[in-house]
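Please read the following points alongside the sequence and the three-dimensional view.

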Amino acid sequence: RGWTQRTTVSPSLFRTARELGRNLDLSAWFNRPSLIVIGYLRESACPIPLRVAGRTVNSEGLTVVRWVHPLPLIEPIAFPEPEEEEGSAQAQSDEPPAGATP
């Protein structure tokens, strides 16, 4: 399950395509608050058992794992009010700042 039927390209070569699994493109998460964890498992067994002619094939190699946790949108943190800079309208005004004594 999870793999298409094999397509024979030549007597010694065939091609398979994965139907199940996750896309590695995480760009949809970059514009929203989220925690993204990516890890690598070296010399690990294949997370999906492989079978050839009904027999499980031993395999190992590098496995990439990821976990995405959506975070709440806190608008004041995500979209802070702009701060006034030196030379703004307050600094250019003839009126003294609030609370100033002459």
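1. Leu 24 lies in the loop between β2 (13–15) and β3. Helices (H or I, at least four residues) and strands (E, at least two) are DSSP runs, numbered from the N terminus. Leu 24 counts as exposed, at 70% relative accessibility. Buried means under 20% relative accessible area, exposed over 50%, and partly exposed in between (1.4 Å probe, protein chains only). Although Leu 24 and Arg 66 are 42 residues apart in sequence, their C-alpha atoms are 9.0 Å apart in space.

2. The model is predicted, so local features need pLDDT of at least 70 and side-chain atom pairs count only at pLDDT 80 or more, while totals for chains, interfaces and linings use all residues. Residues are numbered from 1 along each chain as its sequence is written, and side-chain values use heavy atoms, with hydrogens and water left out.

3. The overall layout is as follows. The protein chain has 2 helices and 6 strands, and from the N terminus on its elements run β-β-β-β-β-β-α-α. Of its 102 residues, 6% count as buried.

4. Which side chain makes a polar contact with the side chain of Ser 44? The partner is the side chain of Thr 63, at 2.8 Å. A polar contact is a pair of N or O atoms within 3.5 Å; within protein, one must be able to donate a hydrogen and the other to accept it, and residues adjacent in sequence count only if both atoms are side-chain atoms. Ser 44 is in strand β3, whereas Thr 63 is in strand β6 (residues 60–70). Ser 44 counts as buried because its relative accessibility is 16%, and Thr 63 is buried because its relative accessible area is 13%.

5. Glu 43, found in strand β3, has a positive phi of about 50° although it is not a glycine. Ala 53, found in the loop between β4 and β5 (55–57), has a phi near 55°, again a positive value in a residue other than glycine. Glu 43 counts as exposed at 67% relative accessibility, and Ala 53 counts as exposed at 80%.

6. Pro 49 is placed in the loop between β3 and β4 (50–52). Pro 49 is exposed because its relative accessible area is 52%. Its C-alpha atom and that of Ser 59, 10 residues apart along the chain, are separated by 8.6 Å.

7. Leu 35, Val 37, Trp 67 and Leu 71 make a nonpolar surface patch of about 370 Å². Accessible areas come from the Shrake-Rupley method with a 1.4 Å probe; for residues, only the protein chains shown count as cover. Leu 35 is in strand β3 (residues 34–45) and is partly exposed, with a relative accessible area of 42%.

8. The charged end of Arg 32 sits over the ring of Trp 29, 5.2 Å from its centre. A charge sits over a ring if NZ of Lys or CZ of Arg is within 6 Å of the ring centre and within 35 degrees of the ring normal.

Note on methods. Patch = residues over 30% accessible without salt bridge, like charges linked within 9 Å, V, L, I, M, F, W, Y side chains within 5 Å. Salt bridge = Lys/Arg side-chain N within 4 Å of Asp/Glu carboxyl O.
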